[in-house]
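This briefing is for a reader who is new to the structure shown below.

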Amino acid sequence: MGQTIKVINNLMSVTALAIASEALVLGKASGLDPDRMIEIINASSGRTNATEDKIPRFVLPRTFDFGFALELSDKDTRLCVEHADSLGMPMIVGSAVRQMLKIAMATQGRQGDLTAMIRPIEDWMGVEVKGGEVK
């Protein structure tokens, strides 16, 4: 039971980081300030651990050193999706997040930090989500 809740929790966490990464890149490409986006999101219904902790501490300052490898997140996500499959339950969102992890591993390396999963999205859009930008 402990393994099951661990992989469920980790899937939920990486899913929040994946969608927050997409949202921030979209906002940046649209001309929004990343610091202001995080401030507004965290005061609103989109708030998650990713927007409250991981993005402000590891993405906006561009350190990407949260300390959890992409391949470990992929392993947990795979285990969760496989467990759901064994019960006959499709994990549509979980499977999409797993694909995002595979793209991040292909571009950032398997040992790349989980918070670097934003980088391929930034590359696609030709923007960098960075905090402390002067306008």
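**Salt bridges, a loop and helix packing**

Glutamate 39 and arginine 36 are joined by a salt bridge between their side chains, at 2.7 Å from N to O. The model is a predicted one. The two partners both belong to helix α2 (residues 34–42), where they sit three residues apart, about one turn of the helix. Arginine 36 has a relative accessible area of 42% and is therefore partly exposed.

- Aspartate 76 and lysine 6 meet through their side chains in a salt bridge of 3.0 Å, N to O.
- This pair links distant parts of the chain, with aspartate 76 in helix α4 and lysine 6 in helix α1, 70 residues apart.
- Are the two partners buried or partly exposed? Aspartate 76 has 1% relative accessibility, so it counts as buried, whereas lysine 6, with a relative accessible area of 34%, is partly exposed.
- A network of salt bridges links Lys6, Lys75 and Asp76.

**The loop between α3 and α4**

- Arginine 62 is located in the loop between α3 (49–59) and α4 (70–86).
- The phi angle of arginine 62 is near 65°, which is a positive value in a residue other than glycine.
- Phenylalanine 64 is also in the loop between α3 and α4.
- Phenylalanine 64 is not a glycine either, yet its phi is positive, at about 45°.
- The relative accessible area of phenylalanine 64 is 10%, under the 20% limit, so this residue is buried.

**From the loop to α6**

- Which residue forms a salt bridge with arginine 62? The partner is glutamate 122, and the closest N and O atoms are 2.7 Å apart.
- Because arginine 62 lies in the loop between α3 and α4 and glutamate 122 in helix α6, the pair ties together parts that are 60 residues apart in sequence.
- Arginine 62 has a relative accessibility of 17% and so counts as buried.
- Glutamate 122 counts as buried as well, because its relative accessibility is 3%.

**Packing of α1 against α6**

- Helix α1 (residues 2–29) packs with α6 at an angle of about 30°, and the axes of the two are 9 Å apart.
- Angles under 35 degrees count as roughly parallel, so α1 is roughly parallel to α6.
- The crossing of α1 and α6 is right-handed.
- On the α1 side the contact is made by Ser21, Glu22, Val25 and Ala29, and on the α6 side by Ile118, Ile121, Glu122 and Met125.
- These contact residues of α1 and α6 divide into five nonpolar, one polar and two charged.

**Packing of α5 against α6**

- The axes of helix α5 (residues 92–108) and helix α6 (residues 118–125) come within 8 Å of each other and cross at roughly 80°.
- That angle falls in the range of 65 to 115 degrees, so α5 is roughly perpendicular to α6.
- Helix α5 contributes Met100, Ile103, Ala104, Thr107 and Gln108 to the contact, while α6 contributes Arg119, Pro120, Ile121 and Trp124.
- By type, the residues in the contact of α5 with α6 are six nonpolar, two polar and one charged.

**Leucine 11**

- Leucine 11 is a residue of helix α1.
- With a relative accessible area of 6%, leucine 11 is buried.
- How far apart in space are leucine 11 and valine 81? Their C-alpha atoms are 8.9 Å apart, and in sequence the two residues are 70 residues apart.
- Which residues are in contact with leucine 11, leaving aside its neighbours within four places in sequence? They are Thr77, Cys80, Met91 and Gly94.

Technical notes:
Residues numbered from 1 in each chain as written. Heavy atoms only, no water. Axes fitted to C-alpha atoms, helices over the stretch in contact; angles between N-to-C directions. Helix = DSSP H or I, 4+ residues; strand = E, 2+ residues; numbered from the N terminus. Parallel < 35°, antiparallel > 145°, perpendicular 65-115°, else oblique. Contact = heavy atoms within 4.5 Å. Nonpolar A, V, L, I, M, F, W, Y, C, P; charged D, E, K, R; others polar. Left-handed = near helix turned anticlockwise from the far one by under 90°. Buried < 20%, exposed > 50% of the residue type's maximum accessible area, 1.4 Å probe, protein only. Salt bridge = Lys/Arg side-chain N within 4 Å of Asp/Glu carboxyl O.
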